[in-house]
Amino acid sequence: MDSIWLVLGLALFPALGNFSGGLAAEVSRVTGRHLNYALHGAAGLVIAVVAVEIMPRALDNLSGWVIAVAFALGGMVSPTQVSRSSWSLSTRDEASRKTTVRQVSG
């Protein structure tokens, strides 16, 4: 019975961190630099989880060159997706600016 309380207690840490982070985000001003640090930290956590938990299991089931090729293909596709999404956002912003200018100017 003690183990269930340990599990519940440990499960509360991410919940409390998420809640307190949300409160901190609401009451503080976030600069671009702080956002950049937070995103880099989150990416580091994801890479750490992959390295510790997922990669050993993948290496047991797949050969190293298959993983390397998949990693390289993912690296090539990711910038394409980012540039495609940023292009679509910029074209939407431009279209909304033109609509706003037309509405204001009459």
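Which residues form a nonpolar patch on the surface of the protein? The patch is made of Val46, Val49, Val50 and Ile54. The model is a predicted one, and the protein in it has 3 helices and 0 strands.

**Overall architecture**
- Read from the N terminus, the elements of the protein follow the order α-α-α.
- Of the 106 residues in the protein, 1% are buried.

- Together, the patch residues Val46, Val49, Val50 and Ile54 have about 320 Å² of accessible area.
- Ile54 counts as partly exposed because its relative accessibility is 48%, a value between the 20% and 50% cut-offs.
- Ile54 also marks a kink of about 45 degrees in helix 2, and this kink lies shortly before the proline Pro56.
- The 30 residues of helix 2 should span 44 Å at 1.5 Å a residue, and the C-alpha atoms at its ends are 41 Å apart, which agrees with that expectation.

**Confidence of the prediction**
- The average pLDDT of the protein is 77, and 73% of the residues score at least 70.
- Helix 1, residues 2-27, has the highest mean pLDDT among the elements of the protein, at 86.
- Helix 3, residues 64-105, has the lowest mean pLDDT among these elements, at 66.

Conventions: Residues are numbered from 1 along each chain as its sequence is written. This is a predicted model: local features need pLDDT of at least 70, side-chain atom pairs count only at pLDDT 80 or more; totals for chains, interfaces and linings use all residues. Side-chain values use heavy atoms; hydrogens and water are left out. Helices (H or I, at least four residues) and strands (E, at least two) are DSSP runs, numbered from the N terminus. Buried means under 20% relative accessible area, exposed over 50%, partly exposed in between (1.4 Å probe, protein chains only). Patches are made of residues with over 30% relative accessible area and no salt bridge: like charges are joined within 9 Å, nonpolar side chains (Val, Leu, Ile, Met, Phe, Trp, Tyr) within 5 Å. Accessible areas come from the Shrake-Rupley method with a 1.4 Å probe; for residues, only the protein chains shown count as cover. A salt bridge is a side-chain nitrogen of Lys or Arg within 4 Å of a carboxyl oxygen of Asp or Glu. The expected span of a helix is 1.5 Å times one less than its number of residues. The bend at a residue is the angle between axes fitted to the seven residues ending there and the seven starting there. pLDDT is the predictor's confidence in each residue, from 0 to 100.
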